[in-house]
Amino acid sequence: MRETSDLTQSQIKDWWRERRTEYNVGLAVSGMLAFILYVISGVRLIMPYDDEFEITLFTIVFQAVGYLFMIGVANLFYFFGVLYDLTYNKDNTSQFRKKLFKLGFWISVSIPFLAPLIIVISYFLNYY
């Protein structure tokens with residue numbers, strides 16, 4: 001049996017707004033950790049074989065600015081989570097809302113780790 005909630009559309013939007021900080025902190029932390037893994041894997045796996053792989057202050061700043069832009073894009077997708085909740089959560093259940101938030105959160109914080117994964121795959125395809 002589903003538990004319905006009596007949240008109005010305004011309260012649903014507030015529920016999502018209250019979790020946006022948690023979402024953005026998760027994005028910032030995952031971005032920093034992914035960049036650290038990118039640097040470590042790049043230096044250890046690619047740099048010994050490819051003279052063009054470099055990490056400089058410019059590349060760090062460039063990637064940081066690019067990541068801030070991508071956090072903005074991720075926040076657009078966060079807004080789509082709100083719309084999805086309002087549109088498809090017909091029973092207005094908190095369980096649906098929480099699962100939707102968790103799914104979006106974990107997908108979003110996982111995406112930055114594709115960069116170090118690509119470094120590792122590149123190493124095995126090209127240099128191993």
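Predicted model: local features only at pLDDT ≥ 70, side-chain atom pairs only at ≥ 80, totals over all residues.
Leaving aside neighbours within four places in sequence, which residues is Trp16 in contact with? The contacts of Trp16 are Tyr78, Gly81, Val82, Asp85, Arg97, Leu100 and Phe101.

Next, select the largest nonpolar core, which has 13 residues. Trp16 is among the members that touch the most others, together with Tyr23, Leu27, Tyr78, Phe101 and Phe105. Colour the helices H1 (9-46), H2 (57-88) and H3 (94-110): these are the elements that each give two or more residues to this core. H1 supplies the largest share, with 5 residues.

Now show the second core, which is separate and holds 6 residues. Ile46, Phe53, Ile119 and Tyr123 are included in this set.

Move on to H3 and view the helix from the side. H3 is 17 residues long and spans 24 Å from its first C-alpha to its last, close to the 24 Å expected at 1.5 Å a residue. Select Arg97, Leu100, Phe101, Phe105, Ser108 and Val109, the buried residues of H3. Why do these residues lie on the same side of H3? They cover an arc of only 145° around the axis, so they share one side of the helix.

Note on methods: Residues numbered from 1 in each chain as written. Heavy atoms only, no water. Core = buried A, V, L, I, M, F, W, Y, C linked by side-chain atoms within 4.5 Å. Buried < 20%, exposed > 50% of the residue type's maximum accessible area, 1.4 Å probe, protein only. Helix = DSSP H or I, 4+ residues; strand = E, 2+ residues; numbered from the N terminus. Contact = heavy atoms within 4.5 Å. Expected span 1.5 Å × (residues − 1). Arc of directions from axis to C-beta.
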